[in-house]
Amino acid sequence: MGRFLVTLAAATAVVACSVATMVVRRRMKGRRKWRKVVGILKDLEEACETPLGRLRQMVDAIAVEMQAGLVSEGGSKLKMLLTFVDDLPNGCERGTYYALHLGGSYFRIIRVHLGGQRSTLEVQDIERHSIPTTLMNSTSEVLFDFLASSLQMFIEKEGNMFNLAQPVKRELAFTFSFPVKQTSLSSGVLIKWTKGFAISEMAGEDIAECLQGALNKRGLDIRVAALVNDTVGALSFGHFHDPDTIAAVVFGTGSNACYLERTDAIIKCQNPRTTSGSMVVNMEWGNFWSSRLPRTSYDIELDAESMNSNDMGFEKMIGGMYLGDIVRRVILRMSQESDIFGPISSILSTPFILRTNSVSAMHEDDTPELLEVARILKDLGVSEVPLKVRKLVVKICDVVTRRAARLAAAGIAGILKKVGRDGSGGGRRSDKQIMRRTVVAVEGGLYLNYRMFREYMDEALRDVLGEDVAQHVVVKAMEDGSSIGSALLLASSQSVQTIQSV
Ligand code: BGC
């Protein structure tokens, strides 16, 4: 009996020992995996760093590239496109105008009425629709017929609301959020598609003509009288309300900026023929590139797998279309290298499945248990992750968005530097003391709807400019500014108004 007890005690000790060893091993393995993902996060943070010194280098690089792009065609990654817009709306416009805006993920149709004073601007109707993804890879006929039919429905809804005895010709501004080489205010050819659009055989086509053709086919008496980049629309809207507005930036699915430049600085254009002595230049800054940009392995992979690799490098770091996918790639890498997210989810492996609005929802989740993060991860096929893993995901969103916002701020400061409104006087000593009030109009869902992006960007702009200068710079957010502004621009370019009687 005694021997039996001894044996039993020994056996129990052995079992206890091996269980303890297993527990310890499992814990160590767990810790190793945790250390691994923390290491991945740390690498990401380092690669995304944007200290003030680096931002200032970006500011200088952008200003230099802007200059190069103005000197010669193809002289820079920045296309610095002429827009043929010299007079911006000032509030005196009259009449009723339409705008159709093809953006990255939405299109809008609006009708505005202008009564000759700022306060009498009336947005009479506005429709917003998301763009069916099938359309992005369709044909030119399908795309333009879709736009024409949407416009037809919009017009049909009006009935005879203007009480006009005779039908009138409607004037339309086409806000087209893609790079176009303008040949006049109302015409221009597509340079290339961006933001996932891939309709073949359209580069080189006159975009306004394509839309006009589709409208004519449907028998619509509408004239495409202006072809406007969305940034230029936003600048027009900004200027209409505040004449100190000299630049506009879009932070949406894609990103871009335009600004008012002196015509004598646009050296590549021999005869710009403007009355005001300045012209709006569409920078197409999404294509900006510098070896000093804080690029990660995720950016490199994203670019390599994109439809337009080696192109639009800046946009792929700051555009709303891409931020979600960068975050997704980081989570995927972590889940491949450790099992803290459970078995690898096939959903998570799908490009662009994580949208930037989900990133902002996770980033700004203020529930103590991070329930929004848990919900979004579940949609991605990752369920039941502990709180510390959810916190890790929030951190990833923070790092990716903060980098984007700070780079965006450097972009704006680059424009201010180029036009001598950054406090350095643009090389002219006399300007150094007089800082003029400068307004930058900002449009796009990323800025308007993602509070953390907005806060990081505003903060970085203040840091880069310094308080003394920053107090003279106003960043003004404007919803639907691109669409409304295009109609305003059209109005200001017309001497004869249509539909006056409303
Ligand atoms: C386009 C620009 C546009 C920007 C914002 C970019 O992808 O190239 O023309 O202004 O997106 O919509």
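Trainee: What makes strand 2 and strand 5 (residues 170–176) a pair?
Mentor: Two strands pair if there are at least two bridges between them. In this predicted model, five bridges join strand 2 to strand 5, and the two run parallel. Five meets that cut-off, so they count as paired. Leu102 stands opposite Phe176 of strand 5.

Trainee: How do you know that strand 2 also pairs with strand 3 (residues 106–115)?
Mentor: The test is again at least two bridges. Strand 2 and strand 3 share nine, in the antiparallel sense. Tyr98 faces Arg111 of strand 3. A hairpin of three residues joins the two strands.

Trainee: Why is strand 2 (residues 94–102) called mostly covered?
Mentor: A residue is buried under 20% relative accessible area. Eight of the nine residues in strand 2 are buried.

Trainee: Why is the pair of Phe176 and Phe178 called tilted?
Mentor: Ring centres must lie within 6.5 Å to pair, and planes under 30 degrees apart count as stacked, over 60 as edge-to-face, the rest as tilted. Here the centres are 5.1 Å apart and the planes stand at 55°, so the pair is tilted. Both Phe176 and Phe178 are buried.

Trainee: What makes Phe288 and Phe314 edge-to-face?
Mentor: Their planes are 85° apart, with 5.4 Å from centre to centre. Over 60 degrees counts as edge-to-face. Phe288 lies in the loop between strand 11 (278–282) and helix 7 (297–305), and Phe314 in the loop between helix 7 and helix 8 (315–318), so the pair ties together parts that are 26 residues apart in sequence. Phe288 and Phe314 are buried.

Trainee: Which residues form a cluster through ring pairs?
Mentor: Phe144, Phe174, Phe176, Phe178, Trp193 and Phe197 are linked this way. The whole structure holds 15 aromatic pairs.

Trainee: How do you know that the charge of Lys388 sits over the ring of Trp34?
Mentor: The charged atom must be within 6 Å of the ring centre and within 35 degrees of the ring normal. The charged end of Lys388 is 4.1 Å from the centre of the Trp34 ring. Arg402 lies over the face of Tyr456, at 5.6 Å from the ring centre.

Trainee: Why is Asp325 called buried?
Mentor: Its relative accessibility is 0%, so Asp325 falls under the 20% limit and counts as buried. Asp325 is found in helix 9 (residues 320–337).

Trainee: What does the side chain of Asp325 reach?
Mentor: The backbone nitrogen of Phe352, at 2.7 Å. A polar contact needs N or O atoms within 3.5 Å. Beyond four places in sequence, Asp325 touches Leu302, Pro351, Phe352 and Leu354.

Trainee: Which residues have the most contacts inside the largest nonpolar core?
Mentor: Phe251, Tyr259, Met283, Trp285 and Phe453, in a core of 90 residues. Helix 12 (residues 387–418) gives the most to this core, 18 residues. A second, separate core has 35 residues, including Met136 and Ile199. Beyond four places in sequence, Trp285 is in contact with residues including Leu78, Val249, Phe314 and Ile412.

Trainee: What is the strand order in the open sheet of six strands?
Mentor: The order is 1-11-10-9-12-13, with mixed pairing.

Trainee: Why are strand 1 (81–82) and strand 13 (473–477) said to stand at the edges?
Mentor: Each has a single partner strand, so one side of each is left without a neighbour in the sheet. Strand 13 runs parallel to strand 12 (residues 438–443), joined by five bridges. Ala441 has Lys476 of strand 13 as its bridge partner.

Definitions and conventions
Residues numbered from 1 in each chain as written. Predicted model: local features only at pLDDT ≥ 70, side-chain atom pairs only at ≥ 80, totals over all residues. Heavy atoms only, no water. Core = buried A, V, L, I, M, F, W, Y, C linked by side-chain atoms within 4.5 Å. Buried < 20%, exposed > 50% of the residue type's maximum accessible area, 1.4 Å probe, protein only. Helix = DSSP H or I, 4+ residues; strand = E, 2+ residues; numbered from the N terminus. Contact = heavy atoms within 4.5 Å. Polar contact = N/O pair within 3.5 Å; in protein donor to acceptor, adjacent residues only side chain to side chain. Phe/Tyr/Trp six-rings, centres within 6.5 Å; stacked < 30°, edge-to-face > 60°.
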